[in-house]
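Subject: A structure for you to look at

Hi there,

Here is the structure I promised to pass on to you. Please open it and have a look around before you read my notes.

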Amino acid sequence: MSIVVSALKEEQPHEKRVAIDPDVTKRLIKAGMKVLIEKGAGVASYYNDDSYQQAGAEVVDRKTALSQANIVAVINLPSDETLNALKPGQVILGLLSSLIKPEKMQQLADKKVTALSFELLPRTISRAQTMDVLSSQSSVAGYKAALVASDAYSKYFPMMITAAGTVKPAKVLVLGTGVAGLQAIGTAKRLGAIISGYDVRPASKGEVESLGANFLTSSVSNGAGSGGYARALTPEETAAQQKELAGFIADNDVIITTAQVPGHKPPLMVTQESVDNAKPGTVFVDLAASDLGGNIAGSKPDETVTTPNQATIIGGNNFASELSNSASQLFAKNVQSVINAMVDKDGNLAIDPKDDVFSGLTATTNGEIINARLRDALKLDPLPKDEPAKDESDEKADQSAKSKGAE
Ligand code: NAD
């Protein structure tokens, strides 16, 4: 029997993306799977039900998409009602907010549902790059941040030499030059602005300069942490950073911030004082804006705030969703890569919890939380290193050995 993959319509009102597009639908079907799409799931990404049907999918109601699937693909963690409808042995795959809501993963573990959460993917393993939703969606968000900033800015981004006079180019400062920051730099550069980039990871200098931007060297001595990420700064380093950035901020017209540290609140880089000292017309875009706070004092997720000194602060919590079609196309490719890696050559579901990619990506399988970061968040003892989580076949072998012993 072929594996059934479903994509659900997202439940959050601001979410426009869909986890599987018609192209990936075709590819999954070609690989021998069956694809069910919840009615209307792709409409906000401009993939209508007909386009899925033409690709070979069945368009079904939510109940059918949930009950018949072996693998349920989503963008975001679904509601409790949806999670409760999942059955033992089913797999759910998406940005499940596993580290923010670890209790939901425990809930799924208790139901023996397998949960694969893209936030947990070990991104530095080269095999995992095609599965890297954080990179694909950050790249979209960085692009959109530059466009949103240019739209909110009251002057040109490029230098304009006209018969009526010359307009100076905008000066754009990008704080945090990871995946989103580099895409924001590239996009603002293509729009003709003068760009500076700043990061605490020394490795980012070459990447910023290769895009034709100026790299502002940080006084923080080696802010690199593990896995290619930044480390959390000490309170003294944070204060020194805020001070050194104040001058740069006052000197720029547009400030785009993207700084994140996994497992921590986003670092505050632009203080209230820096906001108060900004020139009228300054545009701040905070891609790290969240309910936990952001990189910019006063930023609010998904809101635009005008300050008394006429600066604009845009909280960009959900920019990837604004480019719903492209973002879904890339997300779907990441989903397809994960599915390809968890289906064996005979077309059966075969997640190996000892595999270096799946031991990270998998929040829970066979009733056990197996991701080490998640176990830590749930205050569970680490799994013994030489005795990784048992898979179903081990369990069956154990049971059969026990029943043989009882005979
Ligand atoms: P992220 O979203 O966690 O953070 C964004 C940026 O903010 C990072 O560049 C980080 O260094 C920076 N930052 C954090 N705190 C800061 C502070 N106090 N001051 C200044 N900057 C700060 O990171 P990301 O963009 O997802 O990825 C970070 C890096 O990891 C990138 O270089 C990326 O290329 C690399 N990466 C590598 C792989 C791989 O090897 N396959 C995969 C994914 C990411």
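Predicted model: local features only at pLDDT ≥ 70, side-chain atom pairs only at ≥ 80, totals over all residues.

The ligand

Start with where the ligand sits. Domain 1 (4–131 + 324–378) and domain 2 (135–316) both contribute residues to the shell around the ligand, so the ligand lies between the two domains. That shell is made up of 10 nonpolar, 10 polar and four charged residues. Of the 24 residues around the ligand, the ones that come nearest are Arg 123, Gln 129, Val 179, Asp 199 and Arg 201.

The side chain of Gln 129 has an N or O atom 2.8 Å from a nitrogen atom of the ligand. For the side chain of Gln 241, the distance from an N or O atom to a ligand nitrogen is 2.9 Å. Gln 260 uses its backbone instead: an N or O atom there lies 3.4 Å from an oxygen atom of the ligand. On its own the ligand would expose 830 Å², and the protein buries 86% of that.

The sheet

Next, find the open sheet of seven strands, which run in the order β11-β10-β9-β12-β13-β15-β14 with mixed pairing. At the edges are β11 (214–216) and β14 (304–306); each has a single partner strand, so one side of each has no neighbour in the sheet. On average, neighbouring strands here are turned by 20 degrees against each other, ignoring direction.

Val 283 has Thr 312 in β15 as its bridge partner.

Enjoy exploring!

Notes
Residues numbered from 1 in each chain as written. Heavy atoms only, no water. Near = heavy atom within 4 Å. Polar contact = N/O pair within 3.5 Å; in protein donor to acceptor, adjacent residues only side chain to side chain. Areas by Shrake-Rupley, 256 points an atom, 1.4 Å probe, with all protein chains shown as cover. Nonpolar A, V, L, I, M, F, W, Y, C, P; charged D, E, K, R; others polar. Domains from an automatic or database assignment. Pairing = 2+ DSSP bridges. Helix = DSSP H or I, 4+ residues; strand = E, 2+ residues; numbered from the N terminus. Axes fitted to C-alpha atoms, helices over the stretch in contact; angles between N-to-C directions.
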